[in-house]
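Here are some notes for a first look. Please keep the structure open while going through the points.

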Amino acid sequence: MRVLGRIVIREAEKTDAEIIQSIILNAYSQYEQHLPQDRWVQYQEDMKHAVTSEKVKARIVAELEGEPVGSVFLYDSSEAAYGLPELGIHSPIMRLLAVSTQARGHGIATALIRASVNLSLQWGAETLHLHTNDMMSSAIKLYERLGFQRAYDKDIIKGDSIVKSYRLPLRSEYSWVTASY
């Protein structure tokens, strides 16, 4: 557990499943209008399933003033994260980074990313990956500001859309990666 001012970052417990699901659905609800109804329904089901999936290697929770308000999941490969071994990602993948709408603007997403980086380093990883798309423009800006680089060779094509891949080199010039809180 790490305390960052009023933010506490910790590993999720089994008893957190319901609140994590609620946080994710709240955070991602803003994208409902960008997706056809059938894809939105499937996306919600995928998010709910991830909360308890055994394929998740680590679940991290952020608390603000004692209340869970954010979470992120880490997988150890593209096969575990997406069922896509052909992507050839054999290092941690960050998925479903979520901060409840009422808790945004406090640095919680950055704290969750930093915790993901630190955990990935503990596992001996040299890169941390994620996938996103253009409807998540504010998240993309955050990722790029933190040093994530486009990894075009790891993009996922889903129908008529591209799920963009980003990677962060963990052992490089990015001083924030290993900086202490």
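1. How many residues has α1, and how far does it reach from its first C-alpha to its last? Helix α1 has twelve residues and reaches 16 Å, close to the 16 Å expected at 1.5 Å a residue. Bear in mind that this is a predicted model.

2. Next, the buried side of α1. Ile20, Ile23, Ile24, Ala27 and Tyr28 are buried in this helix. Seen down the axis of α1, its buried residues fall within an arc of 115°, so they line one face of the helix. An α-helix has 3.6 residues a turn, so residues three or four places apart point the same way. The buried residues of α1 pack against α2, β3, β4 and β5.

3. Helix α2 covers residues 37-52. With 16 residues at 1.5 Å a residue, α2 should span 22 Å. Its end C-alpha atoms are 24 Å apart, which agrees.

4. Which residues of α2 are buried? They are Trp40, Tyr43, Met47, Ala50 and Val51. These residues cover an arc of only 110° around the axis, which puts them on the same side of α2. The face turned away from that buried side carries the exposed residues Asp38, His49 and Thr52.

5. What covers the buried residues of α2? The cover includes α1 (17-28), β3 (58-64), β4 (67-75) and β5 (93-99). Helix α1, for its part, has buried residues that pack against α2.

6. Now strand β4. Eight of its nine residues are buried, so β4 is largely enclosed by the rest of the structure. Buried here means under 20% relative accessible area.

7. How do β3 and β4 pair? They run in the antiparallel sense, over seven bridges. One of the bridge pairs is leucine 64 with glutamate 67, the latter in β4. The hairpin of β3 and β4 has two residues between the strands. In this hairpin, glutamate 65 takes a positive phi near 50°.

8. Strand β4 is also joined to β5. Five bridges link β4 and β5, which run antiparallel. Phenylalanine 73 has arginine 95 of β5 as its bridge partner.

9. Move on to serine 165. It lies in strand β9, residues 161-169. Is serine 165 buried or exposed? At 0% relative accessibility, serine 165 counts as buried. Which residues is it in contact with, leaving aside its neighbours within four places in sequence? Serine 165 is in contact with His129, Leu130, His131, Gln149, Arg150, Ala151, Lys154 and Asp155.

10. Finally, the whole chain. The protein chain has six helices and nine strands. A compact globule of 181 residues would have a radius of gyration near 16 Å. The protein chain has 15 Å, which agrees. Its C-alpha atoms fill a box of roughly 45 × 35 × 30 Å, taken along the principal axes.

11. Of the 181 residues, 52% count as buried. The protein chain exposes about 9,500 Å², and carbon and sulfur atoms supply 47% of that area. Take the contacts between residues at least 6 apart in sequence: 60% of them join residues at least 24 apart.

Note on methods. Residues are numbered from 1 along each chain as its sequence is written. This is a predicted model: local features need pLDDT of at least 70, side-chain atom pairs count only at pLDDT 80 or more; totals for chains, interfaces and linings use all residues. Side-chain values use heavy atoms; hydrogens and water are left out. Helices (H or I, at least four residues) and strands (E, at least two) are DSSP runs, numbered from the N terminus. The expected span of a helix is 1.5 Å times one less than its number of residues. Buried means under 20% relative accessible area, exposed over 50%, partly exposed in between (1.4 Å probe, protein chains only). The arc is that of the directions from the helix axis to the C-beta atoms. Contact means heavy atoms within 4.5 Å. The radius of gyration is taken over C-alpha atoms; the globule rule is 2.2 Å times the number of residues to the power 0.38. Accessible areas come from the Shrake-Rupley method with a 1.4 Å probe; for residues, only the protein chains shown count as cover. Two strands pair if DSSP finds at least two bridges between them.
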